[in-house]
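Subject: A structure for you to look at

Dear colleague,

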Amino acid sequence: MPFKLSATLRAHSSDVRAIVAPSDTLILSASRDSTAISWTKPSGSSFSPASTFRAGSRYINSVAYLPPTPEAPHGYIVTGGQDSIINIWSIESSREEPLYTLLGHSDNVCALHVSGDGTIISGSWDKTAKVWTNFQLVYDLAAHAQSVWAVVAIAGDEYLTGSADKTIKLWRQHKCLRTYHGHKDAVRSLALVPDIGFASGSNDSEITIWTFEGDVVHLLSAHTSFVYTLSILPNGDVASGGEDRSMRVWRDGECYQTLIHPAVSVWSVSTIPNGDIVTGASDGVVRIFSEAEERWASPEELKAFDDLVASQALPSQQVGDVKKSDLPGPEELNIPGRKPGEVKMIQNGAVTEAHQWDSMSHQWQKIGEVVDAGKEYDYVFDVDIQDGVPPLKLPYNVNENTFTAARRFLEKNDLPLSYIDQVAQFIEKNTGGVNLSGNDEYVDPFTGESRHRPSASSPSVPSPAGYSDPYTGESRYMAGATSPVTPPTASSSYSDPFTGRHVSDSTSAVPQSTASVIPVPKALSFKHANVSAMQGKLYQFDQALRSEISTSALAMYPDEIGHLEDTFTFLSQSTAGKSPTVKLTSAHVETVVQMLNRWPAAQRFPVIDLARLLSGSCADLIDYSTFFDALFRAADLSIETGSSSPSKAKETNVLLVFRTVANAFQEDAKIGDGVWIDKIFGILASVPYEKFTKGQRLALSTLLFNFSCMVLQKEVDAVLRAQHVRLISDVLRLERSDAEVVYRALVGLGNSLYAARKKATPFETATINILKTAVAELPARFKDARINEVVGEILILV
């Protein structure tokens with residue numbers, strides 16, 4: 001009989017990373033949600049959660065069962081995870097704290113196994129395996145060059161370990177007896193095969209059956225990606241799970257059955273003594289499969305499971321390149337498959353479907369709908385990103401992940417990944433239930449223009465007359481102005497990477513004001529935000545980190561997720577003008593700092609953007625010294641060497657840090673001892689001005705203006721004031737094209753000079769002479785009445 005779904009167990013809220021089933025009535029599971037659960041099955045009933053075990057807030061990545069003792073008549077649950085600690089509870093215990101805690105590893109404990117006599121062996125990212133007897137360390141197995149991903153206790157002080165260094169080692173006590181070579185990638189799983197030796201699974205997608213002498217008995221090839229887990233059934237069959245969404249059953253060296261899961265990863269499989277198989281997957285669900293018909297789920301549950309599997313979208317890379325026009329129709333499914341697990345694609349109307357041959361039922365099973373098949377797409381949008389340049393083509397298939405399509409489009413056209421939200425939202429908005437022959441309209445995320453439909457002309461929308469600030473979306477800044485200024489047609493244009501606005505930059509003259517401009521006491525801020533998009537992006541990046549073995553330890557911890565949920569709730573309400581229903585603390589800010597210190601550069605920008613909003617909303621909770629130390633490390637302002645330009649991720653990170661500083665430099669900010677400001681000015685002065693992008697220069701000019709508002713209101717140390725005007729002087733001398741950058745810096749200089757005169761704290765003569773020269777040169781470069789007006793006022797002040 002084939003294996004079919006028997007039960008679906010739901011209680012975990014994240015990936016189920018490890019499973020063990022010591023008896024017909026007990027299953028133990030461990031999850032990235034920081035919990036382990038014991039599932040029990042009373043007589044005549046079904047499995048349900050009995051106890052939940054949690055020792056901290058870090059991921060639990062491994063679990064094992066320790067046989068009963070008088071202290072624990074039902075046995076123990078043993079867990080290991082990111083905190084590098086092995087925790088042991090009595091299964092029937094109601095106490096929250098573990099009975100035993102085993103310390104010794106220095107990194108993630110990713111593998112656990114227990115021998116029949118109760119010996120525990122653990123494997124870790126610290127490149128060691130450790131053997132524990134009576135809850136005490138007895139052997140340290142240190143010979144692997146990389147992480148130890150798999151461990152097995154054999155018998156009589158003998159052990160097997162598998163490592164990311166691609167080798168397997170046989171140990172007696174603490175001595176390595178033999179090293180097995182053969183896998184081409186990390187060894188992820190080991191299992192003892194009675195009367196033969198052992199089985200190993202690897203990231204090379206292969207399963208190898210070995211004798212202990214090193215002979216290869218079988219090489220099992222059917223998985224199409226990493227093999228994470230192995231288990232041996234009572235009849236000697238092998239069960240395996242991996243990154244290709246499948247659990248496979250092997251018999252006599254051949255793939256006997258393939259069970260596709262509605263998840264990306266089947267992280268763990270374990271065999272129940274009655275012959276059933278239990279799996280844990282990336283969708284957070286524990287599932288039991290059985291050959292015994294009396295234990296199969298109801299027909300309704302089986303159909304629901306099959307429908308869930310069939311509804312999954314499959315990347316074309318998983319099934320190979322195809323051309324839609326060459327695919328057969330549904331009639332092809334009348335021809336039986338040649339082997340278990342064979343995948344066949346058909347064209348069913350407009351949908352490309354993947355079907356897999358199930359040799360048990362002698363039927364083709366639909367396992368998903370293929371996206372990115374061939375060169376044909378359900379939608380092809382025109383996207384204008386710059387005036388005078390032909391539009392770019394954005395292709396999309398209806399069953400494709402919108403973020404996948406967005407990333408492909410951005411990478412193909414060398415556009416910043418910071419656009420990914422706008423592109424994905426654009427696709428979602430304009431393909432969900434759209435009638436292709438209708439008149440429904442929508443907005444291009446870059447230009448605001450209408451969708452392009454094949455064989456139809458693209459409508460055009462005139463550019464807005466008013467100038468928009470490319471980084472806040474607001475009108476151009478005019479000191480003392482009450483309404484935005486409308487300049488003539490822009491001389492250049494570009495797209496804001498964060499709002500998606502297509503905005504113009506103008507150096508045209510505007511009417512002069514008869515009133516004096518200086519001083520301007522009100523600071524500017526960068527507080528506009530799409531909080532939900534920011535939250536979605538951050539969680540998307542977190543999921544990407546979780547999905548990769550090499551970065552899973554960098555993903556958010558459960559307590560951090562809780563803090564971020566609070567933070568986004570607070571910001572969503574406050575930016576909407578509502579009274580927040582949650583109260584933030586310094587712990588919420590510390591979560592952001594920790595993520596800044598931990599996350600890779602390419603994924604930092606939503607975290608830095610979150611820091612920007614906190615800087616403008618929760619100044620009283622922030623230790624600015626620690627906060628900005630983390631921010632500037634995250635942005636990495638070090639000067640790039642060579643001729644290549646800085647990465648788009650780095651450009652974005654630096655821009656967002658400058659905006660965060662501007663939000664901190666408000667007129668009511670607490671300067672304290674000024675050390676944090678001194679550090680910021682020192683970092684800014686160390687980078688050549690020409691290295692900054694246009695957006696970075698505008699944000700820099702804004703933060704310098706904002707600091708001048710602080711100078712107007714507070715007593716500021718002379719050293720900080722001198723650093724401040726030197727930075728302004730550099731902007732005025734070196735900026736050659738952007739009048740808005742110069743205007744903001746110029747007003748900031750005017751504020752500082754006004755404060756120096758009013759408070760009788762003059763600058764040194766040498767500094768004044770440098771400033772005079774820089775200011776006097778501006779009218780020749782910029783024919784902007786705003787600039788000329790402020791230049792006149794400053795020359796009077798100096």
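Which residue in β12 stands opposite Ile-120? It is Trp-132 that faces Ile-120 across the pairing, and since this is a predicted model, please read that and everything below as computed from a prediction.

Ile-120 belongs to strand β11, which covers residues 120-124 and has 5 of its 5 residues buried. In a regular strand the side chains alternate between the two faces of the sheet. For β11 both faces are covered, with Ile-120, Ser-122 and Ser-124 on one side, Ile-121 and Gly-123 on the other, and all of them buried.

On one side in the sheet order, β11 pairs with β10 (residues 109-114), and the two strands run antiparallel and are joined by 5 bridges, with Val-109 having Ser-124 as its bridge partner in β11. These two strands form a hairpin with 5 residues between them, and Gly-118 in that turn has a positive phi of about 90 degrees.

β11 also pairs with β12 (residues 129-133), again in the antiparallel sense, over 4 bridges. This hairpin has 4 residues between its strands, and Lys-127 in the turn has a positive phi of about 80 degrees.

Taken together, 4 strands form an open antiparallel sheet in the order β10-β11-β12-β13. Because β10 and β13 (136-141) stand at the edges and have a single partner strand each, one side of each is left without a neighbour in the sheet. Neighbouring strands here are turned by 20 degrees against each other on average, with direction ignored.

With best wishes

Key
Residues are numbered from 1 along each chain as its sequence is written. This is a predicted model: local features need pLDDT of at least 70, side-chain atom pairs count only at pLDDT 80 or more; totals for chains, interfaces and linings use all residues. Side-chain values use heavy atoms; hydrogens and water are left out. Buried means under 20% relative accessible area, exposed over 50%, partly exposed in between (1.4 Å probe, protein chains only). Two strands pair if DSSP finds at least two bridges between them. Axes are lines fitted to C-alpha atoms, for helices over the stretch in contact, and angles run from 0 to 180 degrees between N-to-C directions.
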